[in-house]
Structure formats: structure tokens, C-alpha cells
Amino acid sequence: MGRPDDVRVLHPRRRVAGVLRVPGDKSISHRALIFAAMARGRCVIRGAATGADVRSTRAVLERLGVAIAGADDALVVEGNGLAGLDRDPRAAPAELDCGNSGTTARLLLGLLAGRRGRFRLVGDASLSRRPMRRVTAPLARLGARIGAGETLPLEVEGGRLRAGDIEAGVASAQVKSALVLAALQADGRSTIRVPGRTRDHTERMLAALGAPVRVEPDGDGERLVVDGALDALASFEIDVPGDPSSAAFLAALACLLPDSRLEIEGVSLNPTRLGFVGLLERMGARIGRVPADEAGPEPRGTLVVESAALAGIDVGPADVAAAIDEIPLLAVVASRAAGRTVIRGAAELRVKESDRIRATCALLEAFGVPVEEFDDGLAVTGGAPLRGASVDAAGDHRIAMCAAVLAALADRPSRLTGARWVSVSWPSFFDELERLAPRR
Ligand code: S3P
């Protein structure tokens, strides 16, 4: 999948030691940009994610006429309220390129369903394979007019939305957030039932801005109550904490390589994002959390990770929802844990940037790890020596970084095709690996 020249040699590593700061959280950065575009007045976003995904959200909002100044990680957004996003409905649809970013596409579907005008959302080859009906079907119940296809490109004919009681068919923060953005524009009170607990940045950030969004527990899931007719959000400033989903890769390596000690500063400690840390702890990891003084709705602090002997665990659907982006990495960690790790209830991974169950199994097999693939997960037997391999990133940033973790633990250098995909979420990943983890 990578270009022919996009092959990188990955070296075995001795340990991980030092202090790390990871790029700003991707989920929070997308939301900060979108909420700033919905605000009236000047918003300042510091420490935003520097990867391609968040640049896609920025570019889409700029295409919609939102003025955004500044470099990647220090952005100033001039919001003109929701009406500022409206277009002449007779004009040709605005072409909005969401790149590789599912969050951009899904949140924008919810936002634009309620705006005047026509919009056409497109994406790259990977995003154009990912399911969108999970968003467009419940949006249709609020009166949204969006093309009937399952995948991008999709055309939105925005307009008035009616309040209603709707359900997200999957436990997905992207779906939940899209529905909230639409419900905020509807003509009354809506309720949104979500069948599981997922990252809660949308609810936290909107509540901190005084938006009428309330969350109630509902069995294993939750119910959101949202009042409509929003004109604009209040303007705001935000310091985006570091992304725990990026931090996870070097944290995992610090657990697995002997004599390691890694301090990851300024990272999000939002409990809905620390599912992976909890799973590592269940395996026997030694991870300290040092909260920083609270500033704003999103908690942050330092994670301190030290080497430890790990053992396999059983992972079920609730664990998966709380660590959705880290499940491939958990399978990688399991290859070095004593015994078997079984991961079930993870079918969602098949519709991420790649089919992550297939891609993870292929990666592990290439390194000589015994693995069994299920429709909804995989089982990994730990302890076999890892042999250097030639692998492909499958067009997926997280699979590329998983390959680097496996290669760091292997007996000889490996080769990765498609290494450039890391720039979707962490452009300097390989530099940080080189800085913190001496070669063996
Ligand atoms: C995200 C939610 C998750 C996650 C994605 C970012 C978000 O997707 O995989 O990387 O920012 O809301 P789902 O909500 O579809 O599981």
C-alpha cells in the first residue's frame, strides 16, 4: 500500500527511558475546531494535534468560510455562529475533503445536516470504504436529507431538523457526537440512546460551554438529552492535552523492554480514554498517574510507566469500547505476555482505517506470533521469540506504529512498507522512538 520508496528499516531496541510529550489529542482537537466554528467570536486552541486528520477538519471548516489562523498547534478561529456555516441552497454543493478522517466525516454529517446549503463529503480510499449509514440513518429520523449510500461520497442537503428520540446503533463516540451536533440544531428536545460507554469529549466540552446537553446512564449505555435551536456556542480558549492513543505505543514498549522508565507528560487522563492503561494494569503493568492541576474540562497529567512481567487476560466488549483504538496494540503486547490473551466483542475494528483484526493478525503472524482470528476478535499466545519481519502498514497509522513496537522487540531488524502513514496522527513518531529507545 505504501509507495515503493516508503520502506523503513525498524530496529530492535534495548529499553525506553526518558520524558515524552505526545501530540495533542486528536479527538479533542477535531471537536475544538468544530465547536470554535460554531461559536461566535474568537477562539484559541493551543496544543492541537499536528497530524493529517486534524488538518482535514481545519481544511473543511476553512472551505466553509471559517477563518482559521496559526500554525498546526496554535490556532485562532473566528467563529460566526452556526448561521456562519450556511450557504446559498441553489449554489453547487461545497466539496469537502475529509481525507483519512472518520471523525471529520461523521461529525460534519451531523453538523451540516442542520445548515442551509448543499455539501458533498468525500474522502480517501480508506475513508470511502467506511460505513456512514450508522450516522445517516438516525439523522434521517431528525429529518436530515443525506444521500442514501453506505459510504462517501455523500451529499447533504442541509435544512431544518425536527427534534426526536433516536438511537445510535453502535457504541461509537463519532456517531453519538454527530447526533448531538444535529440535535443541537433541531426544533426542540431530542434524546439519543447509545448502547455503550465511549469517549465523552463532546459532552464534556459542550457542557463546559454551557450548551444544553445532559447525559444520563442507561443500563450498559447512556442517554443524552439535547435541547435544540442553538444559535452559537460561547467563544472559548482550550489547551489540548496529549493524546493517550499516541502515548500508548511507547507506554507499551516501556512495559515490555527491561530497565525502562518513561514519563509521559501533559497527557489526557480522561477516564474514558484510559481503558488501555487499565487493561495493561490487569496484565500486571506498573503505571503511575500523576494528575496536573485541573484547567478546563479535560483532565491531564503524567503517566509513569516502568518495565513489568505481564500475563495474558480476557478482554470483552466493554473493555473494547473503552480502548477501541488501542486493541491492535494490546494484541501486540499480548505477544510478550505469559499465556493466552483472548479479545472478543471487537468487530468494530473491522471498519476502522483498515480491517484492524485482519491487519493485526497478519502483523503478528509475520513476526512469528501464534494467533487465532475470530469474526469479532483474536487470540494471541504470548512468549514465542519475535523474529524480524517484512510487513505492510495496511494504509493504517496505528498498524504502522504496532509494527514498530513489534520490531523493537524482535531479534533482528524489520522492514515496514507504508511507514509514512504514522503522519495521520503522529508525524514525529519515529524520531521520538529513536530519541527514547536506544538500538540493541
Ligand atoms: C473517535 C472515536 C472512535 C475512534 C476514533 C476517534 C472520536 O471511533 O476509533 O479514532 O474522536 O470520536 P468510533 O466512535 O467510531 O468507535
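How far is an oxygen atom of the ligand from an N or O atom in the side chain of lysine 352? The gap is 2.7 Å. Keep in mind that this is a predicted model.

The residues surrounding the ligand are Ser27, Arg31, Thr103, Arg106, Ser172, Ala173, Gln174, Arg199, Ile324, Asp325 and Lys352. Sorted by class, that shell holds five charged, four polar and two nonpolar residues.

| Residue | Part of the residue | Atom of the ligand | Distance |
|---|---|---|---|
| Serine 27 | polar side-chain atom | oxygen | 2.7 Å |
| Glutamine 174 | backbone N or O atom | oxygen | 2.9 Å |
| Lysine 352 | side-chain N or O atom | oxygen | 2.7 Å |

On its own, the ligand has 380 Å² of accessible area, and the protein covers 96% of that. As for where the ligand is, it sits in the largest cavity.

Now zoom out to the domains. Domain 1 is made of two stretches, 4-23 and 242-436, while domain 2 runs over 26-226. Both of them give residues to the shell, so the ligand lies between the two domains.

Two spots in the backbone are also worth a look. You'll find proline 153 in the loop that links strand S8 (145-146) and strand S9 (154-158). The other spot is alanine 229: although this residue is not a glycine, its phi is positive, at about 60°. Alanine 229 belongs to the loop between strand S13 (221-227) and strand S14 (237-239).

Key: Residues are numbered from 1 along each chain as its sequence is written. This is a predicted model: local features need pLDDT of at least 70, side-chain atom pairs count only at pLDDT 80 or more; totals for chains, interfaces and linings use all residues. Side-chain values use heavy atoms; hydrogens and water are left out. A residue is near a molecule or strand if one of its heavy atoms lies within 4 Å of it. A polar contact is a pair of N or O atoms within 3.5 Å; within protein, one must be able to donate a hydrogen and the other to accept it, and residues adjacent in sequence count only if both atoms are side-chain atoms. Accessible areas come from the Shrake-Rupley method with a 1.4 Å probe; for residues, only the protein chains shown count as cover. On a 1 Å grid over the protein atoms alone, a cavity is a set of points where a 1.4 Å probe fits but cannot get out, and a pocket is an open set with protein on both sides within 12 Å along at least five of seven lines; lining residues have an atom within 4 Å of a point. A molecule sits in a cavity or pocket if more than half of its atoms lie within 2 Å of its grid points. Ala, Val, Leu, Ile, Met, Phe, Trp, Tyr, Cys and Pro count as nonpolar, Asp, Glu, Lys and Arg as charged, and the others, Gly among them, as polar. Domain bounds come from an automatic or database domain assignment. Helices (H or I, at least four residues) and strands (E, at least two) are DSSP runs, numbered from the N terminus.
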